[in-house]
Amino acid sequence: MKNLPVVTLAGLLLVASVSAADYKLEFYEAPVTATLNSATRVLTVVNDGEVVQTITLGRDLGTSQNMEEIANGIKLKSIDGEEIEITKDVDESDFSLFTVARKSRHRSRMVVDCVKIAGADWYGGPQQKYQYWPIQKLRFNEYSYLSKEADNCAVGDRYWLNSLGSFVFVDRTAPLFVDQNYGEPGYMCLEAKKTLPYDVYDATYSFVYQVGVAKDAKAAHLKAVGHILGKPTGHPAESMVKYPIWSTWARYKREIDHDLVLKFADEIISHGWVDTQFELDDNWETCYGSLTFNKTQFPDIRATIAAIKAKGFPRVTIWIHPFINKGCEPIYSEAKRMGYLVADHTGNTDTQWWNSERGQAAYVDFTKPEVAQWFKNRLANVLAVSGIDSFKFDAGEASWSPPDALLSGERKDNPNNIVYDYLRTVASTGGDLVEVRTAHDTQDLPVFVRMIDKDSEWDWNNGLPTLITTLLQMNMVGYPLVLPDMVGGNGYNGAPSKEMFIRWLQANVFMPSIQFSYVPWDYDTETVTIAKAMTTLHEKYTPQIMARFKMAVSDGLPVNPPLWWISPDDTIAQKVFDQFLLGDDIIAAPVIRENARSRDIYLPAGTWIDGNSNAEHTGPKWIRNYSVPLSMLPYFVRKAA
């Protein structure tokens with residue numbers, strides 16, 4: 001810093017080097033600096049001597065700028081008038097946060113800032129079909145970053161955390177696309193441009209992101225929760241955690257009626273599961289969107305639900321979606337006439353979903369408050385006429401809207417606001433038994449966020465390994481109330497084998513809840529015995545799950561964090577993808593490979609008791625070739641707990 005002019009701005013030490021063309025922000029309370037070299041356009045963030053972020057700013061900055069001092073930071077102005085502001089948000093002894101902002105960028109100009117991801121492990125990012133963990137091996141090419149149906153990207157929050165203790169968070173209003181390991185291997189490029197699926201009508205847009213730095217990844221994430229992401233305001237009912245949920249979907253798909261659901265209920269009870277939850281899934285409506293019961297299949301729905309409850313199911317829930325199909329009359333015509341359907345800028349409301357042909361459905365427009373209330377009133381009627389207790393809400397991703405949707409609210413929020421408003425509408429119905437499958441800037445909602453449908457496969461193509469990595473991804477973007485998908489997957493390419501069913505169930509035990517649709521008695525008595533043992537083990541540890549739920553609400557803690565959470569500097573733990581934690585004191589290490597009867601298990605620092613043998617282990621250490629017969633779930637409990 002020799003011979004550099006120095007000026008102090010409200011606690012931020014600003015160093016402006018004209019000759020070297022370096023601009024440096026230093027934080028008083030923490031050993032953090034952010035240095036921008038204007039010649040290379042590289043922003044380097046250093047914490048206590050270690051580089052924790054390297055970001056190459058877009059060519060819009062150019063190679064010649066003027067610097068202007070502003071409150072808490074600097075403004076760089078390029079020769080053609082483009083501006084970037086870098087400002088301090090937080091300067092604490094254990095946390096630094098600053099913002100990089102382009103404001104009022106002209107629609108014709110694209111921004112590309114590239115974050116170096118090589119040299120560290122990265123977490124968070126979007127939910128994906130191939131949910132690798134850590135996430136730096138994922139590849140994206142001009143990937144529109146929002147909650148969408150493609151690639152299972154139902155949870156699309158713009159947050160990435162690295163193992164060095166730093167994160168990047170992009171504002172939800174930015175028209176964001178991502179290139180990762182595409183064109184520039186080892187980099188994740190954040191692109192902003194005015195093109196579909198975002199709003200294309202405003203003359204300008206803003207591209208804003210924040211960079212946070214703390215001592216390690218755990219500390220950085222907790223600061224992100226406190227300053228940016230937020231935390232749940234409540235949690236689901238203990239009954240939904242402790243006892244299994246039984247859904248009609250995977251086993252029966254759409255072939256349900258009064259007699260079948262009562263037969264299913266009888267089977268569950270006769271095999272020893274009581275006080276559980278029954279979920280009526282697809283094909284109960286007269287037509288999709290009517291929200292009225294088909295009297296051919298359910299002549300007296302109230303009697304059907306009463307009979308299910310009388311058999312020993314105190315809670316019954318029902319599947320709901322946000323669509324109305326063409327031909328579902330009179331509700332389709334009424335909703336269209338009243339302007340209650342999402343339309344594009346020409347007034348066209350046609351879209352499609354998995355239960356319609358192309359152009360043969362419409363998405364209810366939850367961005368209009370009067371429509372949201374209308375939908376809630378219709379849901380209340382479903383409960384009133386049936387005796388059902390709550391809802392399983394499906395879909396909701398922005399991509400179900402017509403392209404170029406004309407939504408209420410500010411255009412800069414388009415199209416993410418349809419997701420945001422749908423979730424906030426439905427989360428206020430059905431009490432503490434509600435589940436949804438989409439998420440976007442909704443970490444505060446006190447509901448289960450369900451994993452999108454998993455396939456009954458052993459591989460990384462949305463199969464069993466991704467059950468664990470999706471759990472980790474959702475927790476590490478701020479959604480700790482995760483509802484795993486059904487045991488064994490959805491069977492779209494055939495029902496799960498006995499082995500897959502058992503291993504999938506074991507992987508669920510230390511997750512927040514267990515959902516069945518395929519049933520153990522369809523295999524053999526051994527499967528039933530193992531299934532009972534696993535659901536009993538889950539019941540046993542329900543107090544620990546509920547305690548962590550409460551800590552998610554009070555402190556924003558993840559319920560099922562990755563293994564490194566309890567040892568953030570452990571470089572081995574940072575890479576583990578097939579184990580996870582329940583809280584800070586329980587390690588689950590399920591088998592996720594076909595025909596495997598042993599596995600390697602990593603234990604981080606601490607003294608751990610084997611839940612099966614009571615053997616004591618002191619970490620950090622590997623247990624090699626740990627024997628895992630089909631009936632066993634490996635897990636370890638911290639001795640001090």
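Residues are numbered from 1 along each chain as its sequence is written, and side-chain values use heavy atoms, with hydrogens and water left out. Because the model is predicted, local features require pLDDT of at least 70 and side-chain atom pairs count only at pLDDT 80 or more, whereas totals for chains, interfaces and linings use all residues.

An unreviewed UniProt entry places the feature "domain: Glycoside hydrolase family 31 TIM barrel" at residues 248–404 and 460–543. UniProt positions are given in the numbering used here, with feature names shortened, and annotations may be inferred rather than shown by experiment. Residues 248–404 are 33% helix and 14% strand, with the end C-alpha atoms 36 Å apart. Helices (H or I, at least four residues) and strands (E, at least two) are DSSP runs numbered from the N terminus. Over residues 460–543 the chain is 48% helix and 5% strand, and the end C-alpha atoms lie 32 Å apart. The annotation "domain: Glycosyl hydrolase family 31 C-terminal", also from an unreviewed UniProt entry, covers residues 556–639. That span is 0% helix and 42% strand, and its end C-alpha atoms are 25 Å apart.

Rings of Phe, Tyr and Trp (its six-membered ring) pair if their centres lie within 6.5 Å; planes under 30 degrees apart count as stacked, over 60 as edge-to-face and the rest as tilted. Tyrosine 132 and tryptophan 460 form a tilted pair, at 5.4 Å centre to centre and 45 degrees between the planes. This pair links distant parts of the chain, 328 residues apart: tyrosine 132 belongs to the loop between β12 (122–124) and β13 (140–144), and tryptophan 460 to the loop between β28 (448–450) and α9 (465–475). Tryptophan 460 is partly exposed, with a relative accessible area of 24%; buried means under 20% relative accessible area, exposed over 50%, and partly exposed in between (1.4 Å probe, protein chains only).

An edge-to-face pair is formed by phenylalanine 510 and tyrosine 541, at 5.2 Å centre to centre and 65 degrees between the planes. Here phenylalanine 510 lies in the loop between α10 (498–508) and β30 (515–516), and tyrosine 541 in the loop between α11 (525–540) and α12 (542–555), 31 residues apart. Both phenylalanine 510 and tyrosine 541 are buried. One aromatic cluster includes Tyr288, Trp319, Trp354 and Trp400. Charged groups also sit over rings, a contact that requires NZ of Lys or CZ of Arg within 6 Å of the ring centre and within 35 degrees of the ring normal. Arginine 172 lies over the face of tyrosine 420, 4.4 Å from the ring centre, and the charged end of arginine 378 is over the ring of tryptophan 374, at 4.6 Å from its centre.

Pockets and cavities were located on a 1 Å grid over the protein atoms alone: a cavity is a set of points where a 1.4 Å probe fits but cannot get out, a pocket is an open set with protein on both sides within 12 Å along at least five of seven lines, and lining residues have an atom within 4 Å of a point. Grid points are joined across faces, edges and corners, and a volume is the space filled by probe spheres set on the points. The largest pocket has a volume of about 410 Å³. Of its 20 lining residues, Trp354, Arg437, Ile452, Asp453 and Tyr492 are closest to the centre. The lining comprises six nonpolar, two polar and 12 charged residues, where Ala, Val, Leu, Ile, Met, Phe, Trp, Tyr, Cys and Pro count as nonpolar, Asp, Glu, Lys and Arg as charged, and the others, Gly among them, as polar.

The second largest pocket has a volume of about 250 Å³ and a lining of nine nonpolar, five polar and two charged residues. Among the 16 lining residues, Pro197, Ala398, Ser399, Ser401 and Pro403 lie nearest its centre. The peptide bond from leucine 196 to proline 197 is cis, with omega near 15 degrees.
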